[in-house]
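Visitor: I'm new here. Could you show me around?

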Amino acid sequence: MGFYIEMTSPFGQAYIVEENNHITHLLFEKEELKQLQQDGLELRPAETELLKEAKRQLEEYFQGERKTFTLPLRQDGTPFQKKVWEALQSIPYGESRSYLDIACAVGNPKAVRAIGQANKRNALPILIPCHRVIGKNRSLTGYSGNETDKKAVLLDIENIAYKGK
């Protein structure tokens with residue numbers, strides 16, 4: 001059994017999911033929430049203390065008032081994906097890294113494409129800041145597939161320079 005709370009984000013409605021006292025998903029589409037339920041996760045809307053705290057921290061982030069998150073996070077993934085997500089969490093607020101930088105950080109400089117795939121599978125965007133990974137020429141490449149407009153909004157919140165800004 002899991003719980004979720006709805007909130008307003010710069011992209012419209014968002015949904016924060018909690019399972020076993022951990023934040024496990026941050027979703028920006030109602031369809032993604034429905035898909036989790038279709039995949040067998042029983043979810044109920046609720047205002048648990050953890051979900052209220054996650055919502056508060058995200059609202060502060062969107063307002064430019066929060067630079068780090070202090071939430072218990074958990075997501076399933078391969079050992080490689082988990083290593084990438086750990087590397088993403090080491091990128092400070094207001095800074096960016098290239099896909100090559102992250103590949104080198106996880107000890108596999110040839111895994112640039114795999115880094116992109118791990119980012120795409122990140123169920124906790126913003127909280128695990130895959131938006132801070134940009135092309136080495138500072139271009140906005142990929143974010144949740146092709147949603148570079150969302151990436152641009154997040155980089156603007158953090159005042160991170162990118163090509164086209």
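Guide: Welcome! The side chains of Lys150 and Glu29 meet in a salt bridge (a side-chain nitrogen of Lys or Arg within 4 Å of a carboxyl oxygen of Asp or Glu). This is a predicted model, where local features need pLDDT of at least 70, side-chain atom pairs count only at pLDDT 80 or more, and totals for chains, interfaces and linings use all residues. Residues are numbered from 1 along each chain as its sequence is written, and side-chain values use heavy atoms, leaving out hydrogens and water.

Visitor: How many salt bridges does the rule find across the interface of domain 1 and domain 2?

Guide: The domain assignment, which is automatic or from a database, gives domain 1 (1-61) and domain 2 (77-156). Across their interface, the number of salt bridges found by the rule is one.

Visitor: What area is buried between domain 1 and domain 2?

Guide: Buried area is the accessible area (1.4 Å probe) that two parts lose on being put together, summed over both. Carbon and sulfur atoms give 76% of it here, and the total is about 1,000 Å².

Visitor: Which residues of domain 1 lose the most area to domain 2?

Guide: Together they make up 56% of what that side buries. They are Phe11, Leu26 and Tyr61.

Visitor: Where does the largest nonpolar core lie?

Guide: A nonpolar core joins buried (under 20% relative accessible area, 1.4 Å probe, protein chains only) Ala, Val, Leu, Ile, Met, Phe, Trp, Tyr and Cys residues through side-chain atoms within 4.5 Å. The largest has 35 residues. Both domains give residues to this core, so it lies between domain 1 and domain 2.

Note on methods
Buried < 20%, exposed > 50% of the residue type's maximum accessible area, 1.4 Å probe, protein only.
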